[in-house]
Amino acid sequence: MHFDDGFYTWVTDLAHRTPGPLDTLIALWSDYGLALFAVLMVLAWWRARPLGTVRTAMTLAAPFVVVAAYAVNDLFKAVVHEQRPCQTLHTLTVEACPPLGDWSFPSNHAAIAAAAAAAVLLTDRKLGAIAVPAALLMAASRVWVGAHYPHDVVVGLVVGALVGLVLTLAARRAAPFVERLGDTRLRPLVTAR
């Protein structure tokens, strides 16, 4: 039993009382919405190039930050071994329940979205204003479709945001390397000048 079992079943019951097109839209977001974060990271990089090497270094690090957040989150999954709520609570869900052994805690989708949102926010506040709500919507969608308990997505958001924050800020130290790249054939990748 988890403290949020009742909330999980309330959300999944609500999902079944909701019109099918809304469920389909939320399921599509849950499955493919992470692509938006890739687009936002590319846009943040493009917009950072004329703003100097520090900001450019931070944006270039964003994909590595997201991979690191996924790895840290997956370590938690490997240690905790929490079954999916659709396996333990036997509720009807919008999406098919993942098989036994596909651990629930914490949510990889939430961690990836939060890490990307943190990286984007630290480098471009306008794009961050899109990324942060999108990360929250990604986390909520994982509960809606039945893949995660609410605590799974909350912890996933925290793990992703912390890793994203720490590593994106640490990436500022790569500014001298980015500046050296400006003197090579890779110059268009690191500067708009």
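Trainee: How many helices and strands does the chain have?
Mentor: The chain has 10 helices and zero strands, where helices (H or I, at least four residues) and strands (E, at least two) are DSSP runs numbered from the N terminus. This is a predicted model, in which local features need pLDDT of at least 70 and side-chain atom pairs count only at pLDDT 80 or more, while totals for chains, interfaces and linings use all residues. Residues are numbered from 1 along each chain as its sequence is written, and side-chain values use heavy atoms, with hydrogens and water left out.

Trainee: What share of the residues is buried?
Mentor: Buried residues make up 48% of the 193 residues in the chain, and buried here means under 20% relative accessible area, exposed means over 50%, and partly exposed lies in between (1.4 Å probe, protein chains only).

Trainee: Ok, salt bridges next. How many are there?
Mentor: The structure holds two salt bridges, each defined as a side-chain nitrogen of Lys or Arg within 4 Å of a carboxyl oxygen of Asp or Glu. In one of them, the side chains of aspartate 124 and arginine 47 meet at 2.5 Å, N to O. That pair links distant parts of the chain, with aspartate 124 in the loop between helix 6 and helix 7 and arginine 47 in helix 3 (residues 34-48), 77 residues apart.

Trainee: And which side chains make a bridge at 2.9 Å?
Mentor: Those are the side chains of aspartate 102 and arginine 84, at 2.9 Å from N to O. Here too the pair links distant parts of the chain, 18 residues apart, since aspartate 102 is in the loop between helix 5 and helix 6 and arginine 84 is in the loop between helix 4 (53-80) and helix 5.

Trainee: Is arginine 84 buried or exposed?
Mentor: Arginine 84 counts as buried because its relative accessibility is 5%, whereas aspartate 102 is partly exposed, with a relative accessible area of 33%. In the other pair, aspartate 124 counts as buried at 8%, and arginine 47 counts as partly exposed at 38%.

Trainee: Switching to packing, where do helix 2 and helix 7 meet?
Mentor: Asp23, Ile26, Trp29, Ser30 and Asp31 in helix 2 meet Ala134, Leu137, Met138, Ser141, Arg142 and Trp144 in helix 7, contact meaning heavy atoms within 4.5 Å.

Trainee: What angle do their axes cross at?
Mentor: The axes of helix 2 (residues 20-32) and helix 7 (residues 125-144) cross at roughly 115 degrees and come within 9 Å; axes are lines fitted to C-alpha atoms, for helices over the stretch in contact, and angles run from 0 to 180 degrees between N-to-C directions.

Trainee: What about threonine 12, which residues is it in contact with?
Mentor: Leaving aside neighbours within four places in sequence, threonine 12 is in contact with Thr91, Leu92, Thr93, Val143, Trp144 and Gly146. Threonine 12 is in helix 1 (residues 5-17), and it is buried, with a relative accessible area of 1%. The C-alpha atoms of threonine 12 and alanine 147 are separated by 9.8 Å, although these residues are 135 residues apart along the chain.

Trainee: And where is threonine 91?
Mentor: Threonine 91 is in the loop between helix 5 (85-88) and helix 6 (108-123).
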